[in-house]
Amino acid sequence: DRKLIVLPPEKKEQLLRDIEDESKVESIDLPQRFVFEFALGKMAVDLVDDNYADEVRRQVLSLALEDANLVFDLEMAPDHRGQDSAEWKMELGLSSFHAFHATQ
């Protein structure tokens, strides 16, 4: 559900004044490094055709994933000109993935 909130002009002006007032707004230092890792364990998917009684003929597609992970690394640092900058790296790892397709 998305909701649109519209401030009346006087409330908008008050909000902008409050943001400029250092006594009403607190600034914080952001983390200089952020690492997110998503790991997926063993997973298997089988697609079967139930028109056949024989198990061998039923198997149409088989997918098996042993291990997968995604790592996102973000590091904030000034660049060679002294400007705020970010260096990021993303890695996707698959240790073992098997796919088999059977034709009739």
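**Group meeting: surface and overall form of a predicted chain**

Good morning. The accessible surface of the protein chain comes to about 9,700 Å², and carbon and sulfur atoms hold 55% of that area. Please keep in mind that we are looking at a predicted model.

Let me turn to burial. Of the 104 residues in the protein chain, 6% count as buried, where buried means under 20% relative accessible area.

Next, the secondary structure. The protein chain contains two helices and four strands, and along the sequence their pattern reads α-β-β-α-β-β. How does the radius of gyration of the protein chain stand against the globule rule? The radius of gyration is 27 Å, whereas the rule gives 13 Å for 104 residues; the value is well over the rule, so the protein chain is more spread out than a compact globule. As for dimensions, the C-alpha trace spans about 75 × 45 × 20 Å along its principal axes.

A word on contacts. Among contacts in the protein chain with a separation of 6 or more, 51% are accounted for by residues 24 or more positions apart.

Finally, I would draw your attention to one feature of the surface. Which residues make the nonpolar surface patch of about 560 Å²? They are Ile5, Leu7, Leu15, Leu16, Ile19 and Val25. Leu7, one of these residues, lies in the segment before α1, the helix that covers 9-20. Is Leu7 buried or partly exposed? Its relative accessibility is 42%, and Leu7 therefore counts as partly exposed, a class that lies between the buried limit of 20% and the exposed limit of 50%.

Thank you for your attention.

Terms used
Residues are numbered from 1 along each chain as its sequence is written. This is a predicted model: local features need pLDDT of at least 70, side-chain atom pairs count only at pLDDT 80 or more; totals for chains, interfaces and linings use all residues. Side-chain values use heavy atoms; hydrogens and water are left out. Patches are made of residues with over 30% relative accessible area and no salt bridge: like charges are joined within 9 Å, nonpolar side chains (Val, Leu, Ile, Met, Phe, Trp, Tyr) within 5 Å. Accessible areas come from the Shrake-Rupley method with a 1.4 Å probe; for residues, only the protein chains shown count as cover. A salt bridge is a side-chain nitrogen of Lys or Arg within 4 Å of a carboxyl oxygen of Asp or Glu. Buried means under 20% relative accessible area, exposed over 50%, partly exposed in between (1.4 Å probe, protein chains only). The radius of gyration is taken over C-alpha atoms; the globule rule is 2.2 Å times the number of residues to the power 0.38. Contact means heavy atoms within 4.5 Å.
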